[in-house]
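Please find below a colleague's note on the structure shown here. It is arranged as numbered points, to be read alongside the coordinates.

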Amino acid sequence: MAEDCIFCRIVNKESAAEIVYEDEEIVAFKDIYPAAPVHLLIVPRKHIPTLADVEAGETMLLGRLISVANDLARAYKVDRSGYRVVINCGKEGGQLVYHLHVHLLGGKELSHAIAEGRGA
Ligand code: 5GP
Ligand code: ZN
């Protein structure tokens, strides 16, 4: 637990969030500023600042975060229409909250983020 980390506070129920899933190592909740009709954040209970900080012994956890995103995509009925799973890493990766999290976005036609980076 990092004292000044908002996601640690949410995981520990010290700050409010609309939690949609939790188990012994993962918590998922609604993004406070949704960028799509379905916008969930899937986070490990453990405070890992960024994707780059994931250690060799923790790769199973990464798999589980994606697997929970898949389960939630089904639960929120965007599995057939399609969805996006995103991990922003570090400043130039657009990360704002330094507690590892996976975004699950769906429920609308999302812009082609990679093509936009090319100026498309
Ligand atoms: P990042 O840019 O770090 O990948 O994304 C952080 C996300 O966390 C943003 O989409 C932002 O809206 C969301 N967020 C930031 N603070 C809070 C909060 O206190 N509660 C919830 N539910 N989401 C938050
Ligand atoms: Zn944290």
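The points that follow take up the metal site, the aromatic pair, the salt bridges, selected loop residues and a surface patch.

1. The structure under discussion is a predicted model.

2. **Donors of the zinc ion.** The zinc ion (ligand 2) has four protein donors: Cys 5 through SG, Cys 8 through SG, His 47 through ND1 and His 99 through ND1. Along the sequence, the donor residues follow the spacing C-x2-C-x38-H-x51-H.

3. Which arrangement do the 4 donor atoms around the zinc ion (ligand 2) adopt? The arrangement is tetrahedral, because the angles subtended by the 4 donor atoms run from 105 to 116° and four donors count as tetrahedral if all angles lie between 85 and 135 degrees. For reference, the ideal angle for four tetrahedral donors is 109.5 degrees.

4. **The aromatic pair.** The structure holds 1 aromatic pair. Its members are Phe 7 and Phe 29, whose rings are edge-to-face, with 5.2 Å centre to centre and 75° between the planes. The pair links distant parts of the chain, with Phe 7 in helix H1 (residues 6–11) and Phe 29 in strand E2 (residues 26–30), 22 residues apart. Both Phe 7 and Phe 29 are buried.

5. **A salt bridge between helix H2 and a loop.** A search of the whole structure finds 8 salt bridges. One of them joins Arg 64 to Asp 23, with the closest N and O atoms 2.8 Å apart. Arg 64 belongs to helix H2 and Asp 23 to the loop between strand E1 (19–22) and E2, so this contact ties together parts that are 41 residues apart in sequence. Arg 64 is partly exposed at a relative accessible area of 25%, whereas Asp 23 counts as buried at 12%.

6. Because the two residues are 3 residues apart in helix H2, about one helical turn separates them. Arg 74 is partly exposed, with a relative accessible area of 46%, and Asp 71 is partly exposed, with 41%. Elsewhere, Lys 13, Glu 22 and Arg 45 are joined into one network by salt bridges that share partners.

7. **The Arg 9 and Glu 14 bridge.** The side chains of Arg 9 and Glu 14 meet in a salt bridge at 3.6 Å, N to O. Arg 9 is partly exposed at 29% relative accessibility, and Glu 14 is partly exposed with a relative accessible area of 44%.

8. **Positive phi values.** Lys 13 is not a glycine, yet has a positive phi of about 60°. Lys 13 is placed in the loop between H1 and E1 and is exposed, with a relative accessible area of 51%. Lys 77 likewise is a residue other than glycine with a positive phi, near 60°. Lys 77 lies in the loop between H2 and E4 and is exposed, with a relative accessible area of 67%.

9. **Leu 100.** Leu 100 is found in the loop between E4 and E5. With a relative accessible area of 1%, Leu 100 is buried. The C-alpha atoms of Leu 100 and Leu 61 are separated by 11 Å, and the two residues are 39 residues apart along the chain.

10. **A nonpolar surface patch.** Which residues make the nonpolar surface patch of about 210 Å²? Ile 66, Tyr 83 and Val 85 make this patch. Val 85 is found in strand E4 (residues 83–86) and counts as partly exposed because its relative accessibility is 33%.

Definitions and conventions:
Residues are numbered from 1 along each chain as its sequence is written. Chains are lettered from A and ligands numbered from 1 in the order in which they are written. This is a predicted model: local features need pLDDT of at least 70, side-chain atom pairs count only at pLDDT 80 or more; totals for chains, interfaces and linings use all residues. Side-chain values use heavy atoms; hydrogens and water are left out. Patches are made of residues with over 30% relative accessible area and no salt bridge: like charges are joined within 9 Å, nonpolar side chains (Val, Leu, Ile, Met, Phe, Trp, Tyr) within 5 Å. Accessible areas come from the Shrake-Rupley method with a 1.4 Å probe; for residues, only the protein chains shown count as cover. A salt bridge is a side-chain nitrogen of Lys or Arg within 4 Å of a carboxyl oxygen of Asp or Glu. Helices (H or I, at least four residues) and strands (E, at least two) are DSSP runs, numbered from the N terminus. Buried means under 20% relative accessible area, exposed over 50%, partly exposed in between (1.4 Å probe, protein chains only). Donors are N, O and S atoms within 2.8 Å of the metal (3.2 Å for Na, K and Ca); water is not among the atoms, so sites may look incomplete. Four donors count as tetrahedral if all angles lie between 85 and 135 degrees; four count as square planar and six as octahedral if opposite donors are over 155 degrees apart and all others between 65 and 115; anything else is irregular. Rings of Phe, Tyr and Trp (its six-membered ring) pair if their centres lie within 6.5 Å; planes under 30 degrees apart count as stacked, over 60 as edge-to-face and the rest as tilted.
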